[in-house]
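Please view the sequence and the structure before reading on.

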Amino acid sequence: VRASHQERPESCTFESCTPVINRVGTRMALRAGPRSNLNPDPCPIVDRRPPTRPTMKQLLREFAVPMVLIFAGMAEIIWAREVPHPLGTVVGCLAVMLGVQHGMLVLIRCNSAGSGAVGSDKDDQKQVVKPSKSQKLHESALLSLAVYTCLLLLVHAASPAPTFTTFPDACSGSKIQGCTRVAFDKPNRDGEMAPLTVQVPRSDVLQWVKDWVSQEPRGTILYAGILEDNSSVTLVHARFASLAFGFVDDIVVSLDCSKHPPSGFGVAVQAQAQLRIGQSDLNVNMNRVHRLWSFLQARASTAGVERDMSRSASCN
């Protein structure tokens with residue numbers, strides 16, 4: 001008995017073949033009489049079933065990961081260039097390239113599956129092809145990259161940039177463990193640091209703070225200028241992104257001429273560094289402020305020797 005989708009070779013005649021039914025009785029096979037190693041089976045079964053196209057469910061499953069990689073990668077590139085976050089830029093470019101490559105492979109595989117109409121779910125159950133180990137590893141790597149890229153985007157969406165018009169009054173209660181404040185009032189986790197008073201013009205201190213931000217990893221200045229409602233205070237707002245997941249921290253530095261030393265000249269430097277999302281920063285902001293204080297003290301000691309005394313009559 002032959003199925004409609006199977007053919008038998010011309011050399012095999014019906015008279016020379018004997019149907020044999022197995023013990024269960026659920027299958028039938030055709031074979032010739034006694035065989036030997038020199039006489040192979042004269043009636044091999046040749047599968048002539050036409051290839052079927054993948055179902056709509058299979059298409060959605062195949063194209064899901066490439067689409068996520070492409071769109072999430074493009075969004076990550078835009079965000080990483082804004083922060084900046086070099087690792088995010090690399091991850092975004094890699095996600096876009098691998099997403100396009102995997103999408104092209106899926107298209108080629110779908111086109112080679114057959115030229116008929118899209119099959120049904122029953123056809124999907126009839127013909128199941130198990131992926132090889134290399135295909136499983138490739139798909140797992142793509143899925144991991146897609147998840148990591150989406151996590152970077154979630155971190156960015158959950159940490160919008162705050163706007164500081166004045167120096168903060170205190171650390172926020174919900175972020176008390178992730179905030180370092182070195183100020184004259186309401187200090188918090190200052191690591192025994194005190195506000196600095198440097199006897200140099202305010203414009204020089206402002207330039208020093210900018211130089212320090214530029215040399216810190218992944219640091220960007222968002223605002224630097226004199227406050228409109230208080231000309232004696234210059235505010236600097238900078239942000240920093242972590243390496244792995246791009247967690248953003250903010251630091252606000254106040255350069256105040258109104259709180260000068262008894263000599264009548266100098267700039268009082270205060271700072272507040274805090275995280276945007278989370279509860280604890282693992283002392284990252286405290287160490288960051290400590291590096292800023294050390295940088296300013298080193299610059300001030302050098303400038304104290306080389307400073308022109310004629311400029312010391314004004315804080316500006």
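A disulfide is a pair of cysteine sulfur atoms within 2.5 Å. The model discussed here is predicted, and a search through the whole of it finds one disulfide. The partners are C171 and C179, whose sulfur atoms lie 2.1 Å apart. The torsion about their S-S bond is about -65°, so the disulfide is left-handed. C171 and C179 are both buried.

What are the relative accessible areas of C93 and C150, two further cysteines? The table gives the values.

| Cysteine | Relative accessible area | Class |
|---|---|---|
| C93 | 34% | partly exposed |
| C150 | 30% | partly exposed |

Buried means under 20% relative accessible area and exposed means over 50%, so values in between count as partly exposed.

In soluble globular proteins, nonpolar side chains tend to be buried together. Here the largest nonpolar core has 28 residues, and the members that touch the most others are I251, V253, V269 and W293. At least two core residues come from each of these elements: the strands β6 (196-198), β8 (233-241), β9 (248-256) and β10 (267-275), and the helices α5 (202-215) and α6 (284-306). The largest share, seven residues, is supplied by α6.

Which residues are in contact with I251, leaving aside its neighbours within four places in sequence? They are W212, V236, H237, A238, F240, Q272, A273, V289 and L292.

Conventions: Residues numbered from 1 in each chain as written. Predicted model: local features only at pLDDT ≥ 70, side-chain atom pairs only at ≥ 80, totals over all residues. Heavy atoms only, no water. Core = buried A, V, L, I, M, F, W, Y, C linked by side-chain atoms within 4.5 Å. Buried < 20%, exposed > 50% of the residue type's maximum accessible area, 1.4 Å probe, protein only. Helix = DSSP H or I, 4+ residues; strand = E, 2+ residues; numbered from the N terminus. Contact = heavy atoms within 4.5 Å.
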